[in-house]
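Hello, and thanks for passing this one along.

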Protein chains: 2
Amino acid sequence: MANSSRAIVLVAFPNMTQLDFTGPAQVFAMWPETSVVVAAKTMDPVVTDCGWAIVPTVTFEDAPQADLLMVPGGDGTFDLLEDEPTLAFLRRQALGARLVTSVCTGSFLLAAAGLLTGKRATSHWASLPMLAEFGVIPVSERVVRDGDRVTSAGVTSGIDFAFELTLDEFGREAAEAIQLSLEYDPAPPVNRGNVALADPAFVAATLAAKRADRFERVRRAADRLAP
Amino acid sequence: MANSSRAIVLVAFPNMTQLDFTGPAQVFAMWPETSVVVAAKTMDPVVTDCGWAIVPTVTFEDAPQADLLMVPGGDGTFDLLEDEPTLAFLRRQALGARLVTSVCTGSFLLAAAGLLTGKRATSHWASLPMLAEFGVIPVSERVVRDGDRVTSAGVTSGIDFAFELTLDEFGREAAEAIQLSLEYDPAPPVNRGNVALADPAFVAATLAAKRADRFERVRRAADRLAP
């Protein structure tokens, strides 16, 4: 890995949604001449939303410059919206990164760092409207690109996001080979994974609940960004 | 978690394919009144195929009786086909488990423990034919059930497997709610995730390469099982 020409830096933090992180990680690990590093504040194991922990491979301080920076989401993002060490790390990495990306509510951390201001971006559907507080243009699509910013929607959208980047970077044949290796031929036995198909009353209640839980923290972080 | 009525035991081992493990784990973590534990030989962090590690929550010795036992796959499975502590743990757990399951080549570990003999089962397409060495009936489907044995195909099929079990255990409304929460509305940008769609020459070469790499270990383990 020391001689790898490209570094992908995956940011890890407590109470992240582990599949936001692990889905794309599996795809990126198959990219040629690429090292995938797990960067966190300290080397302590990071306890995910599933109750078990992932071990960082490097601290923020020692992380290499990312070619591709990725921030996962989860409840944990909303605890870090005013966390200067995390925001400073993202800003510093973003200066040199070719692609600055997120999965799920990871876009809120990028937004709180000022890295999505004025850009089109997405997030988990249940929090998406609150992105506007940061001067971001919320877009309800599975993967959203605005220049070198690439954001994806909730959790499993990170897998599609990683395949879209694979297609861009290495072409169709390489993307297909990775897809076949991961047998990514999804066949969900139920069909309510898209908010557009969901019960409107349930959607409204969930949006309201997430707003009640998170809006104050979002608003405070947004005020710090542009007082 | 101490009062949870149901334990899901996910087996962890070095060089497992982490998405085999982490995909279903995310779905299972959303089951009501369920504790998800990560069981390994020791409490040492388990380095996955992606280069970073997952921390076990319990040793084989201290693991609770699983209601649902799940074995992920990966190259690492083929290093454990004759590993008595691992095989003994699987056999002991299988005696009391209501469901004995695997993702990807995890079925080879179940088979080596004698837990799939005479049963229909699946695995990653590139290794599937070798399951027959253990007296297992290889089936090329994404999720295969034979009584209380449920096996799934390569890597990402584990997510569909977990949703099928969710549907069984908790019904359609619950499965849909978890699906919406994980925005599991897959949209791969390429369409070669199914071996039936892949280039036959590539498929043949991959089957031959996996056989060259793994057959000797498979055959030796199968001989131990039924000398």
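How many residues does the contact take from chain B, and how many from chain A?

1. Contact residues. Chain B brings 55 residues to the contact and chain A brings 54 residues. Please keep in mind throughout that this is a predicted model.

2. Buried area. The size of an interface is often given as the accessible area lost when the parts come together. Here, about 4800 Å² is buried between chain B and chain A, and carbon and sulfur atoms give 63% of that area. On the chain B side, three residues stand out: Trp52(B), Leu180(B) and Glu183(B) supply 16% of the area that chain B buries against chain A, more than any other three residues.

3. Polar side of the interface. If you go looking for salt bridges between chain B and chain A, the count is 0. Polar contacts, on the other hand, are found in 41 residue pairs across the interface, counting pairs with both residues at pLDDT 80 or more.

4. Which elements take part. On the side of chain B that touches chain A, at least two residues each come from α1 (18–28), β4 (53–55), α4 (157–170) and α5 (172–181) of chain B. Of the elements, α1(B) gives the most to this side, with 7 residues. Sorted by type, the residues of chain B that touch chain A comprise 29 nonpolar, 17 polar and 9 charged.

5. Strand pairing between the chains. Do have a look at β4, residues 53–55 of chain A: this strand pairs with β4(B) in the antiparallel sense, over 3 bridges. Within that pairing, Ala53(A) has Val55(B) as its bridge partner.

6. Symmetry. What rotation superposes chain B on chain A? A rotation of 180 degrees does so, with 0.0 Å of shift along its axis and an RMSD of 0.0 Å. That is the relation of a two-fold axis. The C-alpha of Ile54(B) is the one in chain B nearest the axis, at 2.3 Å from it. Both copies use the same surface, as 98% of the contact residues of chain B recur in chain A.

7. Strands β10 (residues 143–146) and β11 (residues 149–152) of chain B run antiparallel and are joined by 4 bridges.

Definitions and conventions. Residues are numbered from 1 along each chain as its sequence is written. Chains are lettered from A and ligands numbered from 1 in the order in which they are written. This is a predicted model: local features need pLDDT of at least 70, side-chain atom pairs count only at pLDDT 80 or more; totals for chains, interfaces and linings use all residues. Side-chain values use heavy atoms; hydrogens and water are left out. Contact means heavy atoms within 4.5 Å. Buried area is the accessible area (1.4 Å probe) that two parts lose on being put together, summed over both. A salt bridge is a side-chain nitrogen of Lys or Arg within 4 Å of a carboxyl oxygen of Asp or Glu. A polar contact is a pair of N or O atoms within 3.5 Å; within protein, one must be able to donate a hydrogen and the other to accept it, and residues adjacent in sequence count only if both atoms are side-chain atoms. Ala, Val, Leu, Ile, Met, Phe, Trp, Tyr, Cys and Pro count as nonpolar, Asp, Glu, Lys and Arg as charged, and the others, Gly among them, as polar. Two strands pair if DSSP finds at least two bridges between them. Copies are superposed by least squares on the C-alpha atoms of residues with pLDDT of at least 70 in both.
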